[in-house]
Amino acid sequence: MSLLAGLVLTVLPLPMWAKPLRPEWTALILIYWCMALPQRVGVTVAWTVGLLQDVLQGFLLGAHALAFSVAAFLTLKLHRQIRVFPLWQQALSTLLLLLVIRLILLWTRGLIGHPGVDWQYWLPALTGAALWPPLFLGLRAVRRRFQVR
């Protein structure tokens, strides 16, 4: 359900000034679940959610799927180390993962001939890293409340 909420937050209308600041909600939630439940949420879930996000946003089909799958793979490989970090270090790790996602999306844009991007293209990664601590604490509370294992 939280991944569906992330998809809804991704397409929720925002004022023009706030659009460049919209974090990759789905990616953040996916990274959390890959760290918290690596045996249940992995590359296949990331691929599926990425395809759904491509359809919702009208993006090149498979671009988010590829980006989310790579991020999920990296998270699964490093989840034991990242989980023991303090929240500020987890936020930095999340920033790197979100930058990888943005790089892959930029690469796919380039493959289909879209022009380059300005500096605002990278802002969602920064806002996502800034939102990581409250998002992590909120999702952890939900996971514990409903005893998701």
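Which residues have the most contacts inside the largest nonpolar core? They are Ile101 and Trp132, in a core of 37 residues. Such a core is a set of buried Ala, Val, Leu, Ile, Met, Phe, Trp, Tyr and Cys residues joined through side-chain atoms within 4.5 Å. This is a predicted model: local features need pLDDT of at least 70, side-chain atom pairs count only at pLDDT 80 or more, and totals for chains, interfaces and linings use all residues. Residues are numbered from 1 along each chain as its sequence is written, and side-chain values use heavy atoms, with hydrogens and water left out.

- H2 supplies its largest share, 11 residues.
- Helices are DSSP runs (H or I, at least four residues), numbered from the N terminus.

**Aromatic pairs**
- The structure holds four aromatic pairs (ring centres within 6.5 Å, using the six-membered ring of Trp; planes under 30 degrees apart are stacked, over 60 edge-to-face, the rest tilted).
- Tyr121 and Trp122 are edge-to-face, because their planes stand at 90°, with centres 5.0 Å apart.
- Trp132 and Phe136 form a tilted pair, 5.9 Å centre to centre with 40° between the planes.
- Both Trp132 and Phe136 are buried (under 20% relative accessible area; exposed is over 50%, partly exposed in between; 1.4 Å probe, protein chains only).
- Tyr32, Trp33, Trp132 and Phe136 make up one aromatic cluster.

**Charge over ring**
- The charged end of Arg102 sits over the ring of Tyr121, 4.1 Å from its centre (CZ of Arg or NZ of Lys within 6 Å of the ring centre and within 35 degrees of the ring normal).

Definitions and conventions. Helices (H or I, at least four residues) and strands (E, at least two) are DSSP runs, numbered from the N terminus.
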